[in-house]
Amino acid sequence: MINPFLPGDASLVFCDLIGGTNYDYGYRVAVDSVDAIYLLGYTTSDDFPKVAGSFDTIYNKLGDLFVLKIDKFGVQLGYSTYIGGGLVDTPTALAVDPGGTAYVGGTPSLSTSRRPRAPSIRRPTAARTDCW
């Protein structure tokens with residue numbers, strides 16, 4: 001994380017790596033009103049760092065989305081969760097509201113049975129180009 005108000009090397013607040021033993025890609029980043037950092041990405045690691053109590057701590061084969069929250073100092077992992085089904089799931093969008101709620105968009109696999117579900121205007125049809 002960079003603080004643009006500090007000069008030179010002092011602007012680097014922290015720098016770290018996160019991931020498992022396979023391929024891990026970060027696609028989107030957002031910051032909330034208390035400067036917590038949210039990262040949306042894609043992983044093929046079944047040992048990607050997870051936090052107990054998060055939505056989905058089970059890797060679902062062939063590649064899942066992940067979304068995680070890190071405190072502004074890069075010390076505490078607030079949550080880290082998989083989102084996806086048995087095939088490839090693609091992350092596309094991340095937004096965070098002032099209250100710290102993360103909103104994630106993506107393209108699910110045809111067998112995404114482990115994604116969050118809530119009342120909606122229309123249930124997915126599991127066609128080749130559905131999104132959530």
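A polar contact is taken here as a pair of N or O atoms within 3.5 Å; within protein, one must be able to donate a hydrogen and the other to accept it, and residues adjacent in sequence count only if both atoms are side-chain atoms. The C-alpha atoms of Ser33 and Pro98 are separated by 5.4 Å, although the two residues are 65 places apart along the chain.

The structure is a predicted model, in which local features need pLDDT of at least 70 and side-chain atom pairs count only at pLDDT 80 or more, while totals for chains, interfaces and linings use all residues. Residues are numbered from 1 along each chain as its sequence is written, and side-chain values use heavy atoms, with hydrogens and water left out.

The chain holds 6 strands and 0 helices; both kinds of element are DSSP runs numbered from the N terminus, with helices being H or I of at least four residues and strands E of at least two. Read from the N terminus, the order of elements is therefore β-β-β-β-β-β. Of the 132 residues in the chain, 33% are buried, a label for relative accessible area under 20%, with exposed meaning over 50% and partly exposed in between (1.4 Å probe, protein chains only). Contact means heavy atoms within 4.5 Å, and among contacts between residues at least 6 apart in sequence, 53% join residues at least 24 apart.

Ser33 is exposed, with a relative accessible area of 56%. Asp35 is found in the loop between β1 and β2 as well, and is partly exposed at 36%. The backbone of Asp35 deserves a glance, with phi near 70°, a positive value in a residue other than glycine.

Attention now turns to some buried residues. Thr43 is placed in strand β2 and counts as buried at 0% relative accessibility. The side chains of Thr43 and Asp24 are joined by a polar contact of 2.3 Å. Leaving out residues up to four places away in sequence, Thr43 touches Tyr23, Asp24, Phe48, Tyr59, Gly63, Asp64, Phe66 and Tyr82. For Phe66, 23 residues away along the chain, the C-alpha atom is separated from that of Thr43 by 6.9 Å.

Asp64, one of the residues touched by Thr43, lies in strand β3 (residues 64-70). Asp64 also counts as buried, at 0% relative accessibility. The side chain of Asp64 reaches the backbone nitrogen of Asn60 at 2.9 Å. Beyond four places in sequence, Asp64 touches Gly41, Tyr42, Thr43, Ile58, Tyr59, Tyr82, Ile83, Gly84, Gly85 and Asp89.

Ser45 belongs to the loop between β2 and β3 and is buried, with a relative accessible area of 0%. Apart from neighbours within four places in sequence, the contacts of Ser45 are Gly20, Thr21, Asn22, Tyr23, Asp24, Tyr59 and Tyr82.

Aromatic pairs were assigned for rings of Phe, Tyr and Trp (its six-membered ring) with centres within 6.5 Å, planes under 30 degrees apart counting as stacked, over 60 as edge-to-face and the rest as tilted. The count comes to 6 aromatic pairs. In the pair of Tyr59 and Tyr82, the ring centres are 5.6 Å apart and the planes stand at 55°, so this pair is tilted. Because Tyr59 lies in the loop between β2 and β3 and Tyr82 in strand β4 (residues 77-83), the pair ties together parts that are 23 residues apart in sequence. Tyr82 is buried, with a relative accessible area of 1%. One aromatic cluster is formed by Tyr23, Tyr25, Tyr27 and Tyr42.

Grid points are joined across faces, edges and corners, and a volume is the space filled by probe spheres set on the points. The second largest pocket has a volume of about 320 Å³. Its lining has 15 residues, of which Phe14, Asp16, Leu17, Ile18 and Ile70 are the closest to the centre. Strands β1 (24-31) and β2 (37-43) each supply at least two residues of this lining. The lining divides into 12 nonpolar, 2 polar and 1 charged, where Ala, Val, Leu, Ile, Met, Phe, Trp, Tyr, Cys and Pro count as nonpolar, Asp, Glu, Lys and Arg as charged, and the others, Gly among them, as polar.

How values were computed. 1 Å grid on protein atoms, 1.4 Å probe; cavity = no way out; pocket = protein on both sides within 12 Å on 5 of 7 lines; lining within 4 Å.
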